[in-house]
Amino acid sequence: MEEGGQAVSDPIRIEALTVRYGRAVACADVSLAVETGAVYAMLGRNGAGKSSLVRCLLGQQKPTSGRALLFGSDSWTTRRAAMERTGVTPEEPDAPPAMTPRELSDFCRRVYPRWDSSAVAARLDRFGIPPKTPFGRLSRGQKAQVQLALALGHSPELLVLDDPTLGLDAVARRSLYDEIVGELADRGTTVFLTTHDLSGFEGLATRVGILKEGRLVLDEPLETLKSRFRRIRYGNRLTETRTAFGTELDAFDAVRVLVRGWGIDAVVSNFDEAAFERFRAIDGVENAAVEALPLEEIFLAVAGEEKGDAA
């Protein structure tokens, strides 16, 4: 990408990144890029490798092989410079328990040259956070909101959110969404997030990645993803004479097929309108209907049913 005759690097670029813990592989040859202004949602089940990936991205952990780059530089060797342009909210809110939100903001002001104390105070007020209450006495949701206010205090170019709505009630989640939407509208902040709140961030994400057993099995724009994944339901008079998943679904690359009493319920990953019209004309196919899928159902079809919280 060029801007004013000079090369402009993507805020995030991960190149063939692998993380091993002894014989266990947390991430395996992961490569991706996040463009300026994008909202990238990284999804994955527990143990899929998300936490290891985020730690490498933020320069907190050295990958076994490959590298993670922030603003064109290796995050492991240039972390300090990158953090001046990056805001981070960790999965577990972490700050000295005796310090108040106001004291935390004052501390950060001495670290970040572009710190905006008034903007932080305004966010805390919108969140309804008491500025003089020690961090350790705040609720889980209030701590997360304080972390977001601090993460945005220096107007970062990149915001990294590690499951930011975990443990938040509906009101707190809504206020967090509003702040992120405001950042996107006002400054075009690039966002990289891991999340369980798929429905909440579906309206914000522009690109989605799915990690499965350490491998990046999906990485594409959200609209492209939603256009090719569909649920197809139909009756089939000839089900008993067909193969296990029904050969009539071959053109759609079915990822999940359930045979029910009334017929077949399939999630497909290669939907096409013209192919669907041909499908409806197949002998034995009856009452075929198609519907779009929310991101959560697409994720479950690709990564498998969740069994507990992701990491």
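Hi everyone, and thanks for coming. Please keep in mind that what you see is a predicted model. The protein has 311 residues, and 47% of them count as buried. Its secondary structure comes to 10 helices and 16 strands. Taken along the principal axes, the C-alpha atoms fill a box of roughly 75 × 45 × 40 Å. If you take contacts between residues at least 6 apart in sequence, 68% of them join residues at least 24 apart.

Let's go to the empty space. Rolling a probe the size of a water molecule over the atoms shows where empty space is left. The largest pocket has a volume of about 820 Å³. Its lining is made of 29 residues, and those nearest the centre are Arg 79, Val 88, Pro 90, Tyr 112 and Gln 147. Which elements each supply at least two residues of that lining? They are helix 1 (50–57), helix 2 (79–83), strand 8 (86–89), helix 3 (101–111) and helix 5 (140–151). Helix 3 gives the largest share, with 4 residues.

Searching the whole structure turns up 2 cavities of 30 Å³ or more, and the largest cavity has a volume of about 70 Å³. Helix 5 provides the largest share here, 4 residues. By class, the cavity is lined by 6 nonpolar, 2 polar and 4 charged residues.

On to the packing. The largest nonpolar core holds 48 residues, and the ones touching the most other members are Leu 43, Val 146, Val 208, Ile 210, Leu 225 and Phe 229. Helix 10, residues 295–303, gives the most to this core, with 7 residues. Apart from that core lies another one, of 27 residues, with Val 19, Leu 32, Leu 53 and Ala 82 among them.

Is helix 10 mostly covered or uncovered? Mostly covered, with 7 of its 9 residues buried. The buried ones are Leu 295, Ile 298, Phe 299, Leu 300, Ala 301, Val 302 and Ala 303. Three of these names, Phe 299, Val 302 and Ala 303, come up again as residues touched by Ile 210. Leaving aside residues up to four places away in sequence, Ile 210 also touches Met 42, Leu 43, Arg 215, Leu 216, Val 217 and Leu 218. Just after helix 10, Gly 304 takes a positive phi of about 95 degrees.

Strand 3, residues 12–21, pairs with strand 4, residues 24–34, in the antiparallel sense over 7 bridges. One of the bridge pairs joins Arg 20 to Val 25 in strand 4. The hairpin has 2 residues between the strands, and there Gly 22 takes a positive phi near 65 degrees. Strand 3 has another antiparallel partner, strand 6 (residues 65–70), with 5 bridges between them. In that pairing, Ile 12 stands opposite Leu 70 of strand 6.

That's my tour, and I'm happy to take questions.

Methods:
Residues are numbered from 1 along each chain as its sequence is written. This is a predicted model: local features need pLDDT of at least 70, side-chain atom pairs count only at pLDDT 80 or more; totals for chains, interfaces and linings use all residues. Side-chain values use heavy atoms; hydrogens and water are left out. On a 1 Å grid over the protein atoms alone, a cavity is a set of points where a 1.4 Å probe fits but cannot get out, and a pocket is an open set with protein on both sides within 12 Å along at least five of seven lines; lining residues have an atom within 4 Å of a point. Grid points are joined across faces, edges and corners, and a volume is the space filled by probe spheres set on the points. A nonpolar core is a set of buried Ala, Val, Leu, Ile, Met, Phe, Trp, Tyr and Cys residues joined through side-chain atoms within 4.5 Å. Buried means under 20% relative accessible area, exposed over 50%, partly exposed in between (1.4 Å probe, protein chains only). Contact means heavy atoms within 4.5 Å. Two strands pair if DSSP finds at least two bridges between them. Ala, Val, Leu, Ile, Met, Phe, Trp, Tyr, Cys and Pro count as nonpolar, Asp, Glu, Lys and Arg as charged, and the others, Gly among them, as polar.
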